[in-house]
Amino acid sequence: VGYSLGGNVLLKWLGEHGDDALVDAAAVVCTPMQLNVCADRMEQGFSRVYLWQLVRSLRAKVQRKFAHKPGFVDLTRVARCRGFWSFDEHVTAPLHGFTSAADYYQRSSARQYIRYITRPTLVVHAADDPFMTNDVLPSSHEKPANITLQVSESGGHVGFVEGTGVFGLLPNYWLDNRISDFIVEH
């Protein structure tokens, strides 16, 4: 099971390994299958608040980690990063052997690997996810029959709370049961 960026990694891995994937089934939730599209989306609307907090946190971690390791990353550039494109250009790409953020996004986005996934896979997405659009979802000709795509009208980014649960007091987190049922079924 992979959530958000972890879901992207899982889908890519499943596509790369095909029949050799060492799992019987998988599920991913709110997966940014096209990293460039999602990086652009994060620059819009209220998503910018989350983006700023996340990038600020990532910058601080990088600055602490590499403060005494000169040459790994340019800490002056890191301090100026305000979004994913700049952070991935100056940190992620060079640290992981990519030529640029665009190269990282292109080579690491899972959508291009979807057609090669052979294991039963549940893809859960929310139409109102503030960090991506439905454009990240595979088209019908890209999606093999073993992939179940479930798009909920609401759910935000990994929320998926519906109505009330026990005695009308607790929310119903239906996603937990949906994933468990899918995995057990396969």
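**Before selecting**

The structure is a predicted model, in which local features need pLDDT of at least 70, side-chain atom pairs count only at pLDDT 80 or more, and totals for chains, interfaces and linings use all residues. Residues are numbered from 1 along each chain as its sequence is written, and side-chain values use heavy atoms, with hydrogens and water left out.

**The whole chain**

Display the complete chain as a cartoon. It has seven helices and six strands, where helices (H or I, at least four residues) and strands (E, at least two) are DSSP runs numbered from the N terminus. Their order along the sequence is β-α-β-α-α-α-α-α-β-β-β-β-α. Along the principal axes, the C-alpha atoms fill a box of roughly 50 × 45 × 30 Å. Of the 186 residues, 41% count as buried; buried means under 20% relative accessible area, exposed over 50%, and partly exposed in between, with a 1.4 Å probe and protein chains only. Contact means heavy atoms within 4.5 Å. Among contacts between residues at least 6 apart in sequence, 67% join residues at least 24 apart.

**The sheet**

Select strands β1 to β4. These four strands form an open sheet in the order β1-β2-β3-β4, with parallel pairing. The edges are held by β1 (2-3) and β4 (147-152), each with a single partner strand, so one side of each has no neighbour in the sheet. Two strands pair if DSSP finds at least two bridges between them.

Select Ser 4, in the loop between β1 and α1 (5-17). Its phi is near 55°, a positive value in a residue other than glycine. Most residues other than glycine have a negative phi. Ser 4 counts as partly exposed, at 21% relative accessibility.

Move to Cys 30, in the loop between β2 (26-29) and α2 (35-41). Cys 30 also has a positive phi, near 50°. Is Cys 30 buried or exposed? At 0% relative accessibility, Cys 30 counts as buried.

**Helices α5 and α6**

Select α5 (residues 84-95) together with α6 (residues 101-108). The two helices pack at an angle of about 90°, with their axes 8 Å apart. That makes α5 roughly perpendicular to α6. The axes are lines fitted to C-alpha atoms, for helices over the stretch in contact, and angles run from 0 to 180 degrees between N-to-C directions. Angles under 35 degrees count as roughly parallel, over 145 as roughly antiparallel, 65 to 115 as roughly perpendicular and the rest as oblique.

Show the side chains where the helices meet: Phe 84, Trp 85, Asp 88, Glu 89, Thr 92 and Ala 93 in α5 against Ala 101, Ala 102, Tyr 104 and Tyr 105 in α6. The residues of this contact divide into seven nonpolar, one polar and two charged. Here Ala, Val, Leu, Ile, Met, Phe, Trp, Tyr, Cys and Pro count as nonpolar, Asp, Glu, Lys and Arg as charged, and the others, Gly among them, as polar.

Now colour the buried residues of α5, namely Phe 84, Phe 87, Asp 88, Val 91, Thr 92 and Ala 93. The buried residues of α5 pack against α2, α3 (47-66), α4 (75-80) and α6. Just after α5, Gly 97 takes a positive phi of about 80°.

In α6, select Ser 108. Ser 108 is buried, with a relative accessible area of 12%. Beyond its neighbours within four places in sequence, Ser 108 is in contact with Asn 8, Lys 12, Leu 35 and Phe 98.

**Aromatic rings**

Rings of Phe, Tyr and Trp (its six-membered ring) pair if their centres lie within 6.5 Å; planes under 30 degrees apart count as stacked, over 60 as edge-to-face and the rest as tilted. The count by this rule comes to five aromatic pairs. The rings of Phe 66 and Phe 72 form a tilted pair, with centres 5.8 Å apart and planes at 35°. Phe 66 is buried, at 9% relative accessible area. Then select Trp 85, Phe 98, Tyr 104 and Tyr 105, which ring pairs link into a cluster.

Lys 143 is in the loop between β3 and β4. It is partly exposed, with a relative accessible area of 27%. Not counting residues up to four places away in sequence, Lys 143 touches Ile 114, Pro 138 and Leu 149.
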